[in-house]
Amino acid sequence: MRAESSDAFWRDDHLRVHSWTVPAPKDDMELFTGQSILTMVHGIVLGGGALMTLFASLCAVQILSSSSEPVVLPVKSTRLLQWLLVATAVLLWLAVIGGTYLVFPPYRATPPEGITDLSQYPRSLITSNPQTAWLHSFGMEIKEHVPWIAAILGTAVASIGFRHGSELLVNRDVKRMVTVMLAIAFLLVAVVALLGVFINKVAPVD
Amino acid sequence: MAAILSAGIGAFAVGFVVILNEAGLFTAPALYGPAGGVSGRTTIAAAIWLVAWLILHIRWKSRHVEPRPVNLTTVVLILGGILLTFPPVWSLFG
């Protein structure tokens, strides 16, 4: 067994080394709460998935129509493109609705009167510090509404894809508008995703 | 074309409802209490979008619509809607 002086040495803050005399973490420590898992699904799975499919859709529309000759896609390729656009819209709506109705409520929960530990009340925690208050007044306020615009744009593009199929690659005006809407949706989702990372870093929804 | 223009209308509706709320002219009811007013605002905007889509689809389904004015209008509406959701913008109306 180590001597007292040796224990003190090993627990020295400068070294940040633990000996076996430092209590081990509790065996029942919870790694993730249900709410934090929901938040991760919202941000990483759905939001991240939407970002990827938006980018893939943008690339697909550009690459498939890059030829100077009119494009005639095989039926299978047309179907793949259509399903890619639909998947984009579905992911966007799941992220938006999940965010609004499952993740946002615990974020904005009001702490009881007199409570000093605001760690379970992310909005109050963020706004209590002048240095982080902008994360709510700017960041979350944008996240409340802007993703709905992205979802609407994604749905319009999916609808065009399903109605027109590969014709959307031939009609220059339609293709241009599809590209613009996909690009705007991508930028919007990228911005709100980044804001979400910042907010969750400072005040995670647990 | 109906899907495109209605998307622009829907995007603008999101921003417009936010402005109305911030200006105190119209406060959307909270459809889901824990989510607050955003649940009402976004639902109203989505409803405006869907109604516009239905109307435009019915009116335009058997006629040719010039795409360029529609596209330009849509882009303006989308950008306007995004701008109106920006806190520094809607705080001017608050």
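Select helix H5 of chain A first: this helix is mostly covered, with 24 of its 32 residues buried (a residue is buried if 20 or more other C-beta atoms lie within 10 Å of its own, exposed if 12 or fewer, and partly exposed in between, with C-beta atoms placed from the backbone). Helices here are DSSP runs of H or I with at least four residues, strands are runs of E with at least two, and both are numbered from the N terminus. The model is a predicted one, in which local features need pLDDT of at least 70 and side-chain atom pairs count only at pLDDT 80 or more, while totals for chains, interfaces and linings use all residues. Residues are numbered from 1 along each chain as its sequence is written, and chains are lettered from A and ligands numbered from 1 in the order in which they are written.

Stay on H5(A) and follow its course. At 1.5 Å a residue, its 32 residues should span 46 Å, and the end C-alpha atoms are 46 Å apart, which agrees; the expected span is 1.5 Å times one less than the number of residues. After H5(A) comes A:Gly165, whose phi is positive, near 60 degrees.

Which residues of H5(A) and H1(B) meet? On the side of H5(A), select A:His145, A:Trp148, A:Ile149, A:Ile152, A:Leu153, A:Ala156, A:Ser159 and A:Ile160, and on the side of H1(B), select B:Ala3, B:Ile4, B:Ala7, B:Gly10, B:Ala11, B:Val14 and B:Val18. Two residues are in contact if their C-beta atoms, placed from the backbone, lie within 7 Å. The residues of this helix contact divide into 12 nonpolar, three polar and no charged; Ala, Val, Leu, Ile, Met, Phe, Trp, Tyr, Cys and Pro count as nonpolar, Asp, Glu, Lys and Arg as charged, and the others, Gly among them, as polar.

Widen the view to the contact between the two chains, which takes 25 residues from chain A and 27 residues from chain B. On the side of chain A that touches chain B, helix H3 (75-107), H5 and helix H6 (172-202) each supply at least two residues, and the largest share, 14 residues, comes from H5(A). By class, that side of chain A has 17 nonpolar, four polar and four charged residues.

Move to chain B and select B:Pro67, which lies in helix H3 (residues 67-84) of that chain. B:Pro67 is partly exposed, with 17 other C-beta atoms within 10 Å. Leaving aside neighbours within four places in sequence, B:Pro67 is in contact with A:Asp173, A:Val174 and B:Met1. From B:Pro67 to B:Ala45, 22 residues apart in sequence, the C-alpha to C-alpha distance is 24 Å.

Next, go to B:Lys61, in the loop between helix H2 (37-60) and H3 of chain B. B:Lys61 is exposed, with 9 other C-beta atoms within 10 Å, and its C-alpha atom is separated by 8.3 Å from that of B:Ala2, 59 residues apart along the chain.

With chain B shown whole, its secondary structure comes to four helices and zero strands. The C-alpha trace of chain B spans about 45 × 25 × 20 Å along its principal axes, and buried residues make up 39% of its 94 residues.

Return to chain A, which has six helices and zero strands, and of whose 206 residues 34% count as buried. Select A:Leu51 in helix H2 (residues 34-64) of chain A; with 19 C-beta neighbours inside 10 Å, A:Leu51 counts as partly exposed. Leaving aside neighbours within four places in sequence, A:Leu51 is in contact with A:Phe186, A:Val189, A:Ala190 and A:Ala193. End on A:Leu187, 136 residues from A:Leu51 in sequence and 8.9 Å from it in space, C-alpha to C-alpha.
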